[in-house]
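Trainee: Can you take me through this one? I have the sequence and the coordinates open.

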Amino acid sequence: MELHERIAFVRKSAGLTQEQLGEKLGVTRQAVSKWESAQATPDAATIARLCSELGVSADFVLLGKEPDGSAPTVPVTVCCPCCGKPAPQGTPACAGCGYDYYPDPADDDARYAIVLTGAGYGDTLHQQLMRFGGRTEEEAREILNRMQTFGEGHLDRVLLRRNLPRSAALWIAAAMRKDYGLCIVADDGFSDEHLLDAPEALALPEAHKPEGAKSGIGFWGVVGAVVLGLLIASLL
């Protein structure tokens with residue numbers, strides 16, 4: 001394998017998308033794509049960080065062999081279906097968001113999608129769209145802005161994720177429902193537009209707050225404030 005092929009190999013072995021690897025290294029998805037297609041080469045500092053982040057040796061990435069001359073080995077990893085964080089195979093739960101890799105009851109073959117139907121307010125709500133929806137910070141802030149304002153460009157519904165196992169859909173919903181209105185629908189293979197109007201397939205779980213998360217006043221807090229405001233206005 002050539003350098004560009006080894007970069008793609010270790011990325012895929014870690015269960016990362018090009019965008020996720022770019023976020024870890026502080027570069028764009030386009031930069032990673034250029035490395036893997038041999039259109040550009042990362043500098044030494046970036047290669048060192050790549051090796052550190054993915055737990056592989058520089059000898060393998062640069063030369064295609066381990067320091068002792070043995071065959072290259074790459075840790076077998078799993079990729080969290082909720083937040084995308086890689087972990088060694090056999091890990092009981094994701095260190096990034098706490099998702100249980102071995103849910104009870106176990107998942108079946110059905111797949112689900114999460115549709116956002118509203119958003120609360122807070123300085124850090126965009127981080128949930130980045131964490132669970134794979135959006136960049138710019139994309140996440142734009143989505144929030146368009147859901148929170150009315151008029152031209154307003155978004156009533158946003159398809160956050162699709163092709164999720166049951167346990168992952170429920171986990172993400174529990175993590176986000178304190179600050180977002182959402183529903184879980186069956187991912188039947190139809191278009192994104194079809195899923196936006198699909199009926200609810202799973203009842204929402206109780207909300208939980210992921211470790212380290214910070215929230216605003218919350219989606220339902222906003223709804224309550226609006227209802228109270230309308231009630232007061234009607235009495236004036």
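Mentor: Start with H126, which touches E137, A140, R141, L144 and Y180, leaving aside residues up to four places away in sequence. Keep in mind that this is a predicted model.

Trainee: Which element is H126 in?

Mentor: H126 is found in helix 6.

Trainee: And is H126 buried or exposed?

Mentor: Its relative accessible area is 6%. The cut-off for buried is under 20%, so H126 counts as buried.

Trainee: Back up a bit. What does the secondary structure of the chain come to?

Mentor: There are 10 helices and six strands. The chain has 236 residues, and 37% of them count as buried. Of the contacts with a separation of 6 or more, 63% are between residues 24 or more positions apart.

Trainee: OK, helix packing. At what angle do helix 1 and helix 3 pack?

Mentor: About 125°, with the axes 7 Å apart; helix 1 covers residues 3–13 and helix 3 covers residues 29–36. The pair is therefore oblique. Helix 1 contributes H4, I7, A8 and R11 to the contact, and helix 3 contributes V32, W35 and E36. By class, that contact has four nonpolar residues, one polar and two charged.

Trainee: What about helix 2 and helix 3, how do their axes cross?

Mentor: They cross at roughly 110° and come within 8 Å. The range for roughly perpendicular is 65 to 115 degrees, so helix 2 and helix 3 are described as roughly perpendicular to each other. On the helix 2 side the contact is made by Q18, E19, L21, G22 and L25, and on the helix 3 side by R29, V32, S33, W35 and E36. Those residues divide into four nonpolar, three polar and three charged.

Trainee: Switching to pockets. How much space lies in the largest pocket?

Mentor: About 480 Å³. Its lining has 20 residues, and those nearest the centre are Q20, E23, C83, M130 and R131. Helix 2 (18–25) and helix 6 (126–133) are the elements that give two or more residues to that lining.

Trainee: How do the lining residues of the largest pocket divide by class?

Mentor: Seven are nonpolar, six are polar and seven are charged.

Trainee: Next, strand 4. What does R161 touch?

Mentor: R161 sits in strand 4, residues 158–164. Not counting residues up to four places away in sequence, R161 touches P81, C82, A113, I114, F132, G133 and I172. As for I184, it is 23 residues from R161 along the chain, and their C-alpha atoms are separated by 9.8 Å.

Trainee: I also flagged N163. What is its phi?

Mentor: Near 60°, a positive value in a residue other than glycine. N163 is also in strand 4. Its relative accessible area is 52%, and the cut-off for exposed is over 50%, so N163 counts as exposed.

Trainee: And A38, where is that one?

Mentor: A38 is in the loop between helix 3 and helix 4 (44–54). A38 is not a glycine either, but it has a positive phi of about 65°.

Trainee: Last one. Which peptide bond is cis, and what is omega near?

Mentor: The bond from D104 to P105 is cis, with omega near 5°. P105 lies in the loop between strand 2 (86–88) and strand 3 (112–119).

Notes:
Residues numbered from 1 in each chain as written. Predicted model: local features only at pLDDT ≥ 70, side-chain atom pairs only at ≥ 80, totals over all residues. Heavy atoms only, no water. Axes fitted to C-alpha atoms, helices over the stretch in contact; angles between N-to-C directions. Helix = DSSP H or I, 4+ residues; strand = E, 2+ residues; numbered from the N terminus. Parallel < 35°, antiparallel > 145°, perpendicular 65-115°, else oblique. Contact = heavy atoms within 4.5 Å. Nonpolar A, V, L, I, M, F, W, Y, C, P; charged D, E, K, R; others polar. 1 Å grid on protein atoms, 1.4 Å probe; cavity = no way out; pocket = protein on both sides within 12 Å on 5 of 7 lines; lining within 4 Å. Points joined across faces, edges and corners; volume = space filled by probe spheres on them. Buried < 20%, exposed > 50% of the residue type's maximum accessible area, 1.4 Å probe, protein only.
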